[in-house]
Amino acid sequence: MTPSPVLEERTRVAIIGAGPSGMLLAHLLAQRGVESVVLESRSEEYVASRIRAGILEQSTVDLLREAGLAGRLDREAQEHRGIYLQWPEERHHLDFVALTGRTVHVYGQTEVQKDLVAARTAAGQRVHYEIGDTALHDLESDHPSVTFTDRAGRARRVAAEVVVGCDGSFGPSRAAVPEAARRTWEKTYPYSWLGILADVAPSTDELIYAWHPDGFAMHSMRSSTVSRLYLQVPNGTDVDDWSDDRIWEALATRLGHGQDGWQLTPGPVTEKSVLPMRSFVQTPMRHGRLFLAGDAGHIVPPTGAKGLNLAVADVGLLAPALAAWLVDGDRRPAEAYAETALRRVWRCTHFSWWMTSMLHTSGDPFDAQLQLSQLRWVASSEAGATGLAENYAGLPIGF
Ligand code: APR
Ligand code: PHB
C-alpha cells in the first residue's frame with residue numbers, strides 16, 4: 001500500500017496537550033515572540049469542561065496577572081486568607097496572611113482554562129483538536145517532530161525546534177523518553193476521594209480540612225453559590241453506592257455539623273465522582289529536545305491542591321528558558337530547566353504527601369494518635385502553622 005501523503009507544518013515549539021500547561025505555555029511563548037502549535041486529542045469543549053481543583057496559590061495568581069490573563073480572575077475569584085484545620089470538637093483557622101503575607105484564590109481550573117482558550121483564540125493560536133495517533137520523533141536530533149492524524153483523518157506532521165509534552169498522565173510524551181534514560185517514583189494511596197459539586201452556597205467562608213475517625217472530609221467551593229466537597233472513601237468505591245443523602249450525612253458527621261452551632265447546608269448535587277490518589281514523578285524532565293511539563297512529568301494527590309499550581313510553575317520556568325534559547329541563543333536556562341523545575345516538584349510532592357498522610361485515616365489506632373498530635377502542633381505552634389502556610393500559599397516560582 002502506498003502511504004498517504006503527509007501534510008507538513010512548521011513551528012518553533014510543538015506543544016502536545018491543550019490543558020492548562022499547554023495553553024499557558026503557548027501564551028507565555030507568544031509573549032516572548034516564540035510561535036507554537038498545540039496538539040490535543042480531545043475536543044475543545046471536553047477540555048474546557050473537565051472538573052479539576054480550584055485553588056490558585058499566590059505565585060500562580062502573580063504569574064497570571066503578569067501574563068495579562070487575570071482580568072476575570074481579579075473580578076470573580078474569591079481571595080482567602082487561609083484555611084480551617086479541624087478534628088472532632090476542634091476547628092482552628094490558619095491565617096496565611098499573618099503567617100507568610102501570602103493568600104490563595106478560589107478560582108476553578110475550568111475557569112483558568114476558559115481564560116487561556118479565550119486569550120489564545122484572540123491571538124490566532126494554531127491548535128489542532130481531536131487528533132489521533134500522536135507520535136514523537138527524532139527528539140535527540142536538531143529537528144524533532146510530531147506526527148498525528150487530524151480530525152478529518154489526514155496524516156500530518158509538525159516539524160519543530162523543540163517539543164514540549166504537556167499531555168498529562170496518559171499522553172505519549174513521558175514514554176517517549178527511552179526507558180534507559182528515565183526514572184520514575186510512584187506511590188498509590190490506600191484510599192480515594194468521593195467528590196461532589198453542589199448548587200448551594202458554601203457553609204464556610206474558607207476551606208475546611210477535617211480529620212475524622214470515619215475518614216477525611218473537606219469543604220471547598222467554586223463561588224458564592226457553588227460548593228465542592230470531598231469524602232475519603234476506600235479504593236474501588238462505586239459512586240452508585242453513595243446516594244446524595246448518604247453523602248450529605250457523612251459530610252455532616254465528619255465536618256462537625258452541630259458543633260458550636262455550625263451547620264452544613266446540603267443542596268442539589270450536580271456532579272459526583274471518585275478520584276484515585278497517587279504520587280508520581282518522572283525524571284529527567286528533559287530528554288534531548290523534548291521537555292515535560294505539568295501532569296506529564298508528575299502527579300500529586302489532590303490534598304493541598306498543588307496539581308495545577310505545579311503545572312503553572314513548570315511552564316512559568318520553561319517559557320522564558322525556551323525564549324532565551326530560541327530568541328537569544330542562550331541555551332543555559334533550558335539546560336537548567338529539568339533540575340530547577342524538579343526542586344519544586346519534590347517540594348510539592350512532599351507537601352501533598354504530608355497533607356494527605358496527616359488527614360486520611362488508615363484504620364491503625366497508633367497512626368491516628370500521631371496524626372492528631374501533628375494536627376495539634378500545626379494548629380497551635382507558629383512554626384508548625386507557618387510551614388503549612390508557606391507550602392500551601394506557595395513558594396516563589398523558581399524556588
Ligand atoms: N495527543 C494529544 N493530546 C493528548 C494526548 C495525545 N496522545 N494524550 C493526552 N492529551 C491531552 C489531554 O487530552 C489533556 O487535554 O493532554 C492534555 C493534558 O492536560 P491535563 O491533564 O489538564 O494536564 P496539564 O495541562 O499538565 O494540567 C495539570 O491538570 O490533572 C490536573 O491536577 C492537575 O490541575 C492539574 C492540571
Ligand atoms: C478543590 O476545590 O477541588 C480542592 C481544594 C483544595 C484541595 C483539593 C481540592 O486541597
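## Strands around S18

In this predicted model, valine 281 has histidine 298 of S21 as its bridge partner. Strand S21 covers residues 298–299. It runs antiparallel to S18, and two bridges join them.

S18 has another antiparallel partner. Strand S14 (residues 183–198) pairs with S18 (residues 269–283) over 13 bridges. One bridge in this pairing sets arginine 183 against threonine 283 in S18. Strands of a sheet pair through backbone hydrogen bonds, in either a parallel or an antiparallel sense.

The bond joins threonine 283 to proline 284, with omega about -5°. Proline 284 sits in the loop between S18 and S19. Most peptide bonds are trans.

Glutamate 89 is not a glycine, yet its phi is positive, near 75°. Its loop runs between strand S6 (82–87) and strand S7 (90–95). Most residues other than glycine have a negative phi.

## The six-stranded sheet

S19 belongs to an open sheet of six strands. The order is S9-S3-S2-S13-S20-S19, and the pairing is mixed. Which strands stand at the edges? They are S9 (126–128) and S19 (286–287). Each has a single partner strand, so one side of each is left without a neighbour in the sheet.

Valine 38 stands opposite valine 127 in S9.

Strand S12 (residues 155–159) pairs with S1 (residues 7–10) in the parallel sense, through four bridges. In this pairing, glutamate 8 stands opposite arginine 157 of S12.

S12 also pairs with S11 (residues 145–149), here antiparallel and over five bridges. Phenylalanine 148 has arginine 156 in S12 as its bridge partner. S11 and S12 form a hairpin with five residues between the strands. Glycine 153 in this hairpin takes a positive phi, near 85°.

## Ligand 1

Ligand 1 has 24 residues around it. Ser21, Glu40, Gln109, Thr134 and Asp295 come nearest. By class, the shell holds eight nonpolar, ten polar and six charged residues. H9 gives the most, with three residues.

Where are the polar contacts with ligand 1? Aspartate 295 places a polar side-chain atom 2.5 Å from an oxygen atom of ligand 1. An N or O atom in the side chain of threonine 134 is 2.7 Å from a nitrogen atom of ligand 1. Serine 41 uses its backbone instead: a polar backbone atom is 3.2 Å from a nitrogen atom of ligand 1. The protein covers 87% of the 710 Å² of accessible area that ligand 1 has on its own.

## Ligand 2

Ligand 2 is surrounded by 15 residues. The closest are Tyr209, Ser220, Arg222, Tyr230 and Gly304. The shell divides into nine nonpolar, four polar and two charged residues. Strands S16 (217–221) and S17 (227–234) each supply at least two residues of this shell.

Why does ligand 2 lie between domain 1 and domain 2? Both domains give residues to its shell, so ligand 2 lies between them. Domain 1 is built from 7–79, 104–185 and 278–360. Domain 2 is built from 189–276 and 361–391.

A polar side-chain atom of tyrosine 209 lies 2.5 Å from one. For glycine 304, a backbone N or O atom lies 2.8 Å from an oxygen atom of ligand 2. A polar backbone atom of proline 302 is 3.4 Å from an oxygen atom of ligand 2. The protein covers 99% of the 280 Å² of accessible area that ligand 2 has on its own.

## Database annotation

An unreviewed UniProt entry places the feature "domain: FAD-binding" at residues 10–351. In the model, this span is 32% helix and 31% strand. The C-alpha atoms at its ends lie 41 Å apart.

Technical notes:
Residues numbered from 1 in each chain as written. Chains lettered and ligands numbered in written order. Predicted model: local features only at pLDDT ≥ 70, side-chain atom pairs only at ≥ 80, totals over all residues. Heavy atoms only, no water. Near = heavy atom within 4 Å. Polar contact = N/O pair within 3.5 Å; in protein donor to acceptor, adjacent residues only side chain to side chain. Areas by Shrake-Rupley, 256 points an atom, 1.4 Å probe, with all protein chains shown as cover. Nonpolar A, V, L, I, M, F, W, Y, C, P; charged D, E, K, R; others polar. Domains from an automatic or database assignment. Pairing = 2+ DSSP bridges. UniProt positions renumbered as here; feature names shortened; annotations may be inferred.
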